[in-house]
Amino acid sequence: MSLFNFWKKDENLFDATISVEETRFVVLDTETTGFDYETDRILCIGALVLQNGVISIQDSFEIYIEQDHYDKATAQIHGILKAFVVQRPTELEALQQFLSFLGDSVIIAHHTIFDMTMINKALERNRLPLLTNKRLDTAILYKKTLIKSHLFERKDHYTLDDLADKFDISKKDRHTALGDAYITAIAFLKIVKKLKEKKAINLNYLFK
């Protein structure tokens, strides 16, 4: 089902009958040359489809982007080197393929603002329309599962490693775009499960 069929523009909410399960989510991660929105570039985009509580490994997206900007410090983290032999399309071609894969799905990422800003900066450079997809951040959603108590110290910032440790998720492919997207997808399913233990939830609840 397309989001456009059940989007209530006047209320800026989804139709209350739409469940989390039937929604098509695209869980994504980017590996970049650094953290500066203006000067750094996307090296790789990895994304997975999540629907009906199932992570569709066969319906995944991974693309390495051609470019000349590399940073030795970040390369030590993600391992994507200038001499890394892999077929790479131009930034424009990669973005067009990504937009086709994404469609009008709800985006899930960990610390969504970083990935969304990097992608939107790339779209802007290539004179493509910016993303308007609704998005969810697992770093924020995780806080919804925590007990509010003075006995429990809540952190302001939860990393993807924090969630992987909390939910006992393997970090074997950590710091690859597709690997981090997979960890994020599992974490999202675990978060939804915990939230459902407290109350019945629909798609709108995740955005509150």
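User: How many helices and strands does the protein chain have, and what pattern do they follow along the sequence?

Analyst: This is a predicted model, in which local features need pLDDT of at least 70 and side-chain atom pairs count only at pLDDT 80 or more, while totals for chains, interfaces and linings use all residues. Residues are numbered from 1 along each chain as its sequence is written, and side-chain values use heavy atoms, with hydrogens and water left out. Helices (DSSP runs of H or I, at least four residues) and strands (runs of E, at least two) are numbered from the N terminus. The protein chain has seven helices and seven strands, and their pattern is β-β-β-β-β-α-α-β-α-β-α-α-α-α.

User: Which phenylalanine is in contact with F25, leaving aside its neighbours within four places in sequence?

Analyst: Contact means heavy atoms within 4.5 Å. With neighbours within four places in sequence left aside, F25 is in contact with residues including L48, V49, L50, V106, I108 and L136.

User: Why do the buried residues of helix 2 line one face of the helix?

Analyst: The buried residues of helix 2 (residues 91–102) are E91, A94, L95, F98, F101 and L102. An α-helix has 3.6 residues a turn, so residues three or four places apart point the same way. Taking the directions from the helix axis to the C-beta atoms, the buried residues line one face because they fall within an arc of 125°.

User: What covers the buried residues of helix 2, and which residue just after this helix takes a positive phi?

Analyst: The cover over the buried residues of helix 2 includes strand 3, strand 4, strand 5 (54–64), strand 6 and helix 3 (112–125). Just after helix 2, a positive phi of about 55° is taken by G103.

User: Are the rings of Y142 and Y158 stacked or edge-to-face?

Analyst: Rings of Phe, Tyr and Trp (its six-membered ring) pair if their centres lie within 6.5 Å, and planes under 30 degrees apart count as stacked, over 60 as edge-to-face and the rest as tilted. Y142 lies in helix 4 and Y158 in the loop between helix 4 and helix 5, so the pair ties together parts that are 16 residues apart in sequence, and both residues are buried. Because the ring centres are 5.0 Å apart and the planes stand at 70°, the pair is edge-to-face.

User: Is D168 buried or exposed?

Analyst: D168 is found in the loop between helix 5 and helix 6, and it has a positive phi of about 55° although it is not a glycine. At 71% relative accessibility, D168 counts as exposed.

Note on methods. Expected span 1.5 Å × (residues − 1). Buried < 20%, exposed > 50% of the residue type's maximum accessible area, 1.4 Å probe, protein only.
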